[in-house]
Amino acid sequence: MSKITIIIPCFNEEQSIEQTLLKIVSEFSNFSNYAFHIIVADDYSTDSSLDILNEFRNTVHKELQIITNKTNLGIAISTKILLEEALKNNPDFVLKCDMDNDFPHEQVFKTFLNYIN
C-alpha cells in the first residue's frame with residue numbers, strides 16, 4: 001500500500017479551513033488502496049484557525065497532525081517544516097496543498113491518483 005502525505009500550510013484561514021479539509025478527506029476516502037496522512041502547520045494564526053483545526057481533528061479526522069509555529073514564519077519556512085515532518089514517515093509521495101477554496105483540490109487529487117495508478 002502506497003503512503004501519501006498531504007502537507008498544508010495555514011495562516012488565518014478560518015473562513016476556508018474546514019471546507020478545504022472536508023474536501024481532502026472526502027476525496028481521499030475514495031481511494032482506499034492508499035494510506036493517507038494529513039499534516040497542517042498553523043503559522044501563528046491570529047484568528048480561530050488553530051481552534052478549527054483542533055476541533056476538526058477531534059470530531060472528523062483523528063489522524064490529522066497539527067504543527068503549531070510559535071511565531072509567524074511565512075509560507076516558505078512553514079512548508080519546509082511540513083516537508084521535513086512528512087519525510088520522517090517515509091511516504092511514497094508528498095503533496096503540498098493550499099487552504100484556498102479556489103484551489104481545485106478534487107481535480108488535482110484525482111489527476112495525481114490516476115497518474116500513479
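Reader: Which residues of α1 are buried?

Author: Buried means under 20% relative accessible area, exposed over 50%, and partly exposed in between (1.4 Å probe, protein chains only). In α1 the buried residues are I17, T20, L21, K23, I24, E27 and F28. Seen down the axis of α1, they fall within an arc of 155 degrees, so they line one face of the helix. The arc is that of the directions from the helix axis to the C-beta atoms.

This is a predicted model: local features need pLDDT of at least 70, side-chain atom pairs count only at pLDDT 80 or more, and totals for chains, interfaces and linings use all residues. Residues are numbered from 1 along each chain as its sequence is written, and side-chain values use heavy atoms, with hydrogens and water left out.

Reader: What do the buried residues of α1 pack against?

Author: Contact means heavy atoms within 4.5 Å. Helices (H or I, at least four residues) and strands (E, at least two) are DSSP runs, numbered from the N terminus. The partners here are β1 (2-10), β2 (34-42), α2, β4 (93-96) and α4 (105-116).

Reader: Is E106 buried or partly exposed?

Author: E106 is partly exposed, at 32% relative accessibility. E106 sits in helix α4. Leaving out residues up to four places away in sequence, E106 touches K23 and E27. Both K23 and E27 are among the buried residues of α1.

Reader: Where does S49 lie?

Author: S49 lies in helix α2 (residues 49-59). S49 is buried, at a relative accessible area of 0%. Not counting residues up to four places away in sequence, S49 touches C10, N12, E13, E14, I17 and D42.
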